[in-house]
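Please open the model in a viewer in which individual residues can be selected by chain and number.

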Amino acid sequence: MAARAAAWAGRSLTRLEVGLQVIDLIGFGAKGWGGVLLLAALMTVLVTLAAMAVGAVLGALVAAAKLHPNALLRVLGEGYTTVFRGIPELLVIYLFFYGGSALVSSVGGLFGAEGFISMPAFLVGALAVGVVSGAYQAEVYRGAFQAVSRSELEAAKAIGMPLMLRFRRIIAPQILRFALPGIGGVWQISLKDSALISVTGLVELMRASRVAAASTGQFVLFFMTGCALYLVLTGISNLVLSRAELRVGRTFRRS
Amino acid sequence: MSVDIAFIGDTLVQLLHALPITLLLFAASVAVGTLLALLVVWLRVCDVAALRHLARGYIFLFRGSPLLIQMFLLYYGLSQFPEVRQSPFWPVLREPLSCAVIALALCTAGYMAEIFRGGLLAVPPQQIEAGRAAGMSGWLLARRIIIPIALRSCLPAYSTEIILMMKATSLASLVTVYEVSGVAQRIIAETYRTLEVFLCAALIYLVLNFLIVRALAWLERRLSPRHPVLACPTTKKYALSVPRG
Amino acid sequence: MNNKNTRFAACSLMMLLASFSLYTHAKEWDSLQIATEGVYEPWNRTLPDGSFDGFEPEMAKVLCERMKTRCTIVAQDWDGLIPGLKAGKFDVVMDALAISAERRKVIDFSRPYTKAPATFIALQSSGIDLGSGTLHLRGTPELDTPAVDDLRKRLKGKLIGIVSGTVYSKFIREQFGQVATIREYKTPPEPLMDLKNGRVDVVFEDLGFLSGELQRGADSALVLVGPAINGPIWGEGEAFGIRPGEPELKAKLDAAIDSLIADGTISELSRKWFKHDFTPPSK
């Protein structure tokens, strides 16, 4: 009886010790990787924001091209979305990473820049993920534009609203409302694609987890911590986007 | 920029040798993932609250984290435990190919479960009421009314997910599976000829993508009703809608 | 929509322009960006606060003092070291980079600072025996193939883990690709992980990395097997990678490395981190 109690106490102590070691490793002490991981999570959010910005610009342009009466523009837009939704993101990131810096340097050379123009890893990653998210965002904007009620637009034209006013008062708010769920989805996708940017050397969450895991040999611990941090990021994004959707849909009757 | 046809030809041949692995990864993960998703969505809508929460947790976990980290956790993380190495699952987890298929399937099951649930939600309550009024219940109701409408509703989103799976197979190259992206990366590391190799790899993926899109479009046409459906139109595409747990 | 997009466009354009940093390389080289992997212990490793440690960062510190240069060390995955160097992201690659003919086609090297042999490592419990001693290989297939015949017989049907894109992976693929299954990994810790899991039977890497692993290994389940392979097959040794057409940098690095070898610093550091002396033989 006493022996069993002693054995149980021994096992609990070992578990406690292991637990303390774990807290040591992911904490903020001298041996703790917690600070690095949190900073890396912040970097993930920043690079995804930058990518979404790039994608918003590209997506709007491509959506406009796809809705244009000109057939050539439509084909180009279609080509863009087909290519960048059809190629694996990993390949796009490799392409920008291996090929992009050299391209920019040579372009910079044309403008008389001395030496090499260094493309920071942040920019490479943001561009790569941005270009891919642009293809998805183009589809979202296109669908949102097509969902704007034609009758409202006709009525606005009938009472003599000029184009810019029509755009500002009718088209833009409605596109925002219809596109928001889709853009929320693209944000989630881009957040996870940012994990692939680790190949460019940018210290974002995936790379930080890998380096910590390799340095300490604790693969499960650090991958699970990284996974948990990604879940936190996704969870927070969900909350923010749900709130935004409610706010934007505020003035519209629930159909 | 000089175009080296011989090199491109040689690269294409090497990449095409890896194509069967890509296709195997794709087909296996879609098949296993769909079956698993059916199980998860069944748990998600069943009467037991605990099972519903379990399914919600599964979906949140696998939709909220990147596939890459899931793959690493499964491949390197699980194998750290001696219990796993002695379990009957080890022969499957030991092989990089089957391990990658499991990781892909688990991930896609999360997304597909949400898609199937969206399809179920799109079934108009009036049709279910009509079915019940006609005396149908349980399995008959499901088979004749719910499932056909649900399937048709979720087919666009399911097609999108299948195409995303095709692209996701490229991540298997990071756990030593020699599929197209992995071979492409290796050729680049040895010859430093980025652009040519990626053009070849991109071409292969685009052709595959085209074929899959065509096949799915044919399936959609086959399954859509001859007369217009009375279901309420949705402006959301389920695969891209904000997850609401 | 246009307003939002114009703003986005302006912001991203400004970000783009602002983030281009022009490294006008002064010929005096008073500051240097060195790239390393950070996961190749004990050559280089990353500490929890993000700084670097190991044989190469320590050597670099002493080197930069001798060269009177300010050095910053950044991390980069193995695949991206040479492309990043060529693109100008950093000036020097320091990651046990062996001088090889293929690499000479795209980049330049300083003089070697170490010359490490390579060997196999396996689980003690597997009972694999690949022979012993040292093997001197020239790097020419006609002479080397018969020399590794014995190894080839012993490796028949085994699973070999290597890191892709290294001089070792090329050797293993060429000599043993026909008789054994080769698994290529992206980063050095991964094949060791799979060795411990039992997914591969042996791993082939340089002795510095493997002896570091043995020193750290608490369970000592791993053991070096097989002959230590060295010779011209791995080139003149491990050196700094630099861009072609920078003779001043090469001269500066070479002079500093010479002084480090002459006063025994390399020897001392090598013994500290690798427990072996990898000083390259004098030419």
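Is A:Thr44 buried or exposed? This is a predicted model, and in it A:Thr44 counts as buried, at 0% relative accessibility. Select the residue together with helix H2 (residues 34-67) of chain A, in which A:Thr44 is found. Then display its contacts, leaving aside neighbours within four places in sequence: A:Leu191, A:Ser194, A:Glu204, A:Leu205, A:Tyr230 and A:Leu233.

**A helix pair in chain A**

Next, select helix H7 (residues 163-193) and helix H9 (residues 219-248) of chain A, whose axes come within 10 Å and cross at roughly 175°. Because angles over 145 degrees count as roughly antiparallel, H7(A) is roughly antiparallel to H9(A).

To view the contact itself, colour the two sides separately. H7(A) contributes A:Leu176, A:Arg177, A:Leu180, A:Pro181, A:Gly184, A:Trp187, A:Gln188 and A:Leu191. On the H9(A) side are A:Tyr230, A:Leu233, A:Thr234, A:Ser237, A:Asn238, A:Leu241, A:Ala244, A:Glu245 and A:Val248. Sorted by class, this contact has 10 nonpolar, five polar and two charged residues. A:Leu191, A:Tyr230 and A:Leu233 belong to this contact and are also among the residues touched by A:Thr44.

**Chain B**

Now show chain B as a cartoon. Chain B has 10 helices and zero strands, in the pattern α-α-α-α-α-α-α-α-α-α along the sequence. Its C-alpha trace spans about 70 × 50 × 30 Å along the principal axes. Of the 245 residues of chain B, 49% count as buried. Among its contacts with a separation of 6 or more, 78% are accounted for by residues 24 or more positions apart.

Select B:Gly57, placed in helix H2 (residues 49-64) of chain B. B:Gly57 is partly exposed, at a relative accessible area of 35%.

Turn to chain C, which has 11 helices and 15 strands. Of its 283 residues, 56% count as buried. Residues at least 24 apart in sequence are joined by 73% of the chain C contacts between residues at least 6 apart. The chain exposes about 11,600 Å², with carbon and sulfur atoms supplying 56%.

Which residues touch the most other members of the largest nonpolar core? They are C:Trp43, C:Phe55, C:Tyr113 and C:Phe240, in a core of 182 residues. The largest share of this core, 13 residues, comes from helix H5 (residues 121-147) of chain A. Apart from it lies another core, of 25 residues, including C:Ala118, C:Leu137, C:Tyr168 and C:Phe204.

Centre the view on C:Phe240. Leaving aside neighbours within four places in sequence, C:Phe240 is in contact with C:Met59, C:Leu63, C:Val92, C:Val93, C:Met94, C:Asp108, C:Phe109, C:Ser110, C:Tyr113, C:Leu253 and C:Ile257.

**A covered helix**

Select helix H8 (residues 189-197) of chain C, which is mostly covered, with eight of its nine residues buried. The buried ones are C:Pro189, C:Glu190, C:Pro191, C:Leu192, C:Met193, C:Asp194, C:Leu195 and C:Asn197. Just after this helix, C:Gly198 takes a positive phi of about 95°.

**Backbone geometry in chain C**

Most residues other than glycine have a negative phi, and most peptide bonds are trans.

- C:Pro42: the peptide bond from C:Glu41 is cis, with omega near 0°. C:Pro42 is in the loop between strand S3 (39-40) and strand S4 (44-46).
- C:Lys68: phi is positive, about 55°, although the residue is not a glycine. C:Lys68 lies in the loop between helix H2 (55-67) and strand S6 (70-75) and counts as exposed, at 69% relative accessibility.
- C:Lys275: phi is near 60°, again a positive value in a residue other than glycine. C:Lys275 lies in the segment after helix H11 (265-274) and counts as exposed, at 53% relative accessibility.

Notes. Residues are numbered from 1 along each chain as its sequence is written. Chains are lettered from A and ligands numbered from 1 in the order in which they are written. This is a predicted model: local features need pLDDT of at least 70, side-chain atom pairs count only at pLDDT 80 or more; totals for chains, interfaces and linings use all residues. Side-chain values use heavy atoms; hydrogens and water are left out. Axes are lines fitted to C-alpha atoms, for helices over the stretch in contact, and angles run from 0 to 180 degrees between N-to-C directions. Helices (H or I, at least four residues) and strands (E, at least two) are DSSP runs, numbered from the N terminus. Angles under 35 degrees count as roughly parallel, over 145 as roughly antiparallel, 65 to 115 as roughly perpendicular and the rest as oblique. Contact means heavy atoms within 4.5 Å. Ala, Val, Leu, Ile, Met, Phe, Trp, Tyr, Cys and Pro count as nonpolar, Asp, Glu, Lys and Arg as charged, and the others, Gly among them, as polar. A nonpolar core is a set of buried Ala, Val, Leu, Ile, Met, Phe, Trp, Tyr and Cys residues joined through side-chain atoms within 4.5 Å. Buried means under 20% relative accessible area, exposed over 50%, partly exposed in between (1.4 Å probe, protein chains only). Accessible areas come from the Shrake-Rupley method with a 1.4 Å probe; for residues, only the protein chains shown count as cover.
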